[in-house]
Amino acid sequence: MINQIANWLKEAERTVIFTGAGMSTESGLPDFRTKDRGLWEKFNPDELANVNALIHNEKEFTEFYRYRLQELFKYKPHQGHHILADWEKTGVIDGIITQNVDAFHFDAGSENVMELHGSFHAFHCHDCYKPYERNKYFDGETKCACGGTVRPNIVLFGEQLPQDTFKQAEVAARAADLFIVLGSSLTVSPANMFPLVAKDHGAKLVIINREATDFDSYADATVQDMSIKEALLAINDRLKQ
Ligand code: ZN
């Protein structure tokens, strides 16, 4: 299967990668939705990750996101992220669509990254949109000169998904002749439409995920018995042969 995927990668004119939570958990990053984690002892994300909290409960909202950023800074992109960045530079892939908000693809050096849910890569003032650096937020710069609340560039509950990014991802998926899903169970809508958009427009579909997904029957190849990192390392070795 790895050989086959490597051959498809060599033959493909436009390959698009789609990454989900599994990509990040291989960096050790806990999935914040997992309720037995420390995060839930301190905060209730269901109550804080939304616009209402930003407006009416600014103090706790800010504490929550500073904590998330501090947690995020404990982890780093893994080899798989670096292989993808390498593949972009050498023209093996065209871009990455991601559901992840950790910005590990950017940190690894990828440039064409379509972040469907935004990311912690940058921050801005909720009121005047002035940009803020994540390091400064980390250091405590959480209030804008205009009096507004500084917040991460992620999509909060109650906010619209970034239409431009979705459009860009759709264009990329339509144009792809190879579409590879890494570490997503493809349960989150509407992000999970992209593999089928690609497939409908003639792309080969590969799903590398630890568990079966509802989309496996549409896939030309699935890999479940390897981690993403192992699979990408193995494919990368074949590419170099
Ligand atoms: Zn402002």
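Visitor: Which strands each supply at least two residues of the lining of the second largest pocket?
Guide: They are β3 (113-115), β4 and β6; strands here are DSSP runs of E with at least two residues, helices are runs of H or I with at least four, and both are numbered from the N terminus. The model is predicted, so local features need pLDDT of at least 70 and side-chain atom pairs pLDDT 80 or more, while totals for chains, interfaces and linings use all residues. Residues are numbered from 1 along each chain as its sequence is written, and side-chain values use heavy atoms, without hydrogens or water.

Visitor: Which strand gives the most to that lining?
Guide: β4 does, with five residues.

Visitor: How much space lies in the second largest pocket?
Guide: About 360 Å³, the volume being the space filled by probe spheres set on the grid points. The lining has 19 residues, and Gly118, Asn153, Ile154, Val155 and Pro162 are the closest to the pocket centre. A pocket is an open set of points on a 1 Å grid with protein on both sides within 12 Å along at least five of seven lines, and lining residues have an atom within 4 Å of a point.

Visitor: How do the lining residues divide into nonpolar, polar and charged?
Guide: Eight are nonpolar, eight polar and three charged. Asp, Glu, Lys and Arg count as charged, Ala, Val, Leu, Ile, Met, Phe, Trp, Tyr, Cys and Pro as nonpolar, and the rest as polar.

Visitor: New topic. What are the protein donors of the zinc ion?
Guide: The SG atoms of Cys125, Cys128, Cys144 and Cys146, lying 2.3 Å from the zinc ion; donors are N, O and S atoms within 2.8 Å of the metal (3.2 Å for Na, K and Ca). Of these, cysteine 128 sits in the loop between β4 (118-125) and β5 (131-133), and cysteine 146 in the loop between α9 (134-138) and β6 (150-154), so this pair, 18 residues apart, links distant parts of the chain.

Visitor: What spacing do the donors follow along the chain?
Guide: C-x2-C-x15-C-x1-C.

Visitor: Why is the arrangement around the zinc ion tetrahedral?
Guide: Because the four donor atoms subtend angles of 104 to 119°, and four donors count as tetrahedral if all angles lie between 85 and 135 degrees.

Visitor: Cysteine 128 and cysteine 146: how accessible?
Guide: Cysteine 128 is partly exposed at 39% relative accessibility, and cysteine 146 is also partly exposed, at 45%. Buried means under 20%, exposed over 50%, and partly exposed in between, with a 1.4 Å probe and protein chains only.

Visitor: What about helix α7, which residues are buried?
Guide: In α7 (residues 79-89) the buried ones are Gly80, His81, Ile83, Leu84, Ala85, Trp87 and Glu88. Glycine 91 follows α7 and has a positive phi, near 80°.

Visitor: Which residues other than glycine have positive phi?
Guide: Alanine 103 is one of them, with phi near 65°, in the loop between β2 (95-98) and α8 (104-108). Leucine 186 is another, near 55°, in the loop between β7 and α11. Alanine 103 is buried at 3% relative accessibility, and leucine 186 is buried at 3%.

Visitor: And the peptide bond from serine 189 to proline 190, cis or trans?
Guide: Cis, with omega near 5°. Proline 190 is in the loop between β7 (178-182) and α11 (194-200).

How values were computed
Tetrahedral: all angles 85-135°; square planar, octahedral: opposite > 155°, others 65-115°. 1 Å grid on protein atoms, 1.4 Å probe; cavity = no way out; pocket = protein on both sides within 12 Å on 5 of 7 lines; lining within 4 Å.
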